[in-house]
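Hi there,

Here is the structure I promised to pass on. Have a look, and my notes follow below.

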Amino acid sequence: MRLKVIFANIIQGMIHVGYNEKKENIFAGFHPKKYIDYFKNEKPDILCMAECLMDSSDGDSSFVNELSKVCNLPYYKNLVGEKAFFVKDKYYGLSVCSRFPIQSYQTLQLANPKIETIRPNGDYWVMHDKYIQKALLEIEKGKMISVANTHMFPFQHFNKHFWDEEFARYRKQWAEMLIPNDKQSLLVGDFNTVGISIERAFPELKVGDNLQALVNYDGKKYQPKYLYDTQIEYILATKDFKLLNAKEEMLYSDHPFLIAEVEIS
């Protein structure tokens, strides 16, 4: 069976065009419909999003409702992270949208190091909570695959690194929550492993062992719009997924969209 999987950090429906000399975001407006039109054209079977636009703290989302109808992804689950900081009176978080029925679903909260910092503009920041969505999809009668979607902690904004030894115990906990228990599983997300590969930044996840990275890209390729020299978004899969096609596209967001077509027996 062939499946098309997309992971996209959609930056709350904003159109990102780059950064100014202070590395502040420059936008060309708020256009969530452009994202919907893009996904409609790509025709995914499974779409996972980070920084997904929502209308309330309960996860209500007119954006996801419309996307679901237009893209023929009738099954979805939303998880609010916090209030949107680019769009007034909105929220953002994670979303899993599927062509297939969701037979079970759970959310997990990642252990938070609660790092604090003073930003260059004088703002006081403390690391916000982050989460995982886990969904079990019935892709054929009686045949299941699991999907986990996450957006992990941005250590780079706190003058720290994902791979610092002081966070080793956190990485171990995160890996235990993220590593699939099921044979046929997808693990996708914005891992924020800035600076080096996920294999080196997050060795506890054992990418290359039971998990394969389906889409790879060079972060330098998309600068100055993309802030990082390294890949931080991934579509990971257990080894029983056969990769047919992979690509990344840098369009409306400040992060590339990852698209993988796979075959699974």
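The accessible surface of the protein is about 12100 Å², with carbon and sulfur atoms holding 47% of it (Shrake-Rupley method, 1.4 Å probe). Please keep in mind that this is a predicted model, where local features need pLDDT of at least 70, side-chain atom pairs count only at pLDDT 80 or more, and totals for chains, interfaces and linings use all residues. Residues are numbered from 1 along each chain as its sequence is written, and side-chain values use heavy atoms, leaving out hydrogens and water.

Of the 265 residues, 55% count as buried (under 20% relative accessible area; exposed is over 50%, and partly exposed lies in between). The protein has 4 helices and 16 strands (DSSP runs numbered from the N terminus: H or I of at least four residues for helices, E of at least two for strands).

Now for some backbone details. Most residues other than glycine have a negative phi, and most peptide bonds are trans. Gln 12 has a positive phi, near 65°; this residue sits in the loop between β1 (2–9) and β2 (14–19) and is buried, at 0% relative accessibility. Asp 89 also has a positive phi, of about 65°, and lies in the loop between β5 (75–83) and β6 (91–98). Asp 89 is exposed, with a relative accessible area of 54%.

Finally, the bond between Gln 223 and Pro 224 is cis, with omega about 10°. Pro 224 belongs to the loop between β13 (211–213) and β14 (233–238).

Best wishes

Conventions:
Buried means under 20% relative accessible area, exposed over 50%, partly exposed in between (1.4 Å probe, protein chains only).
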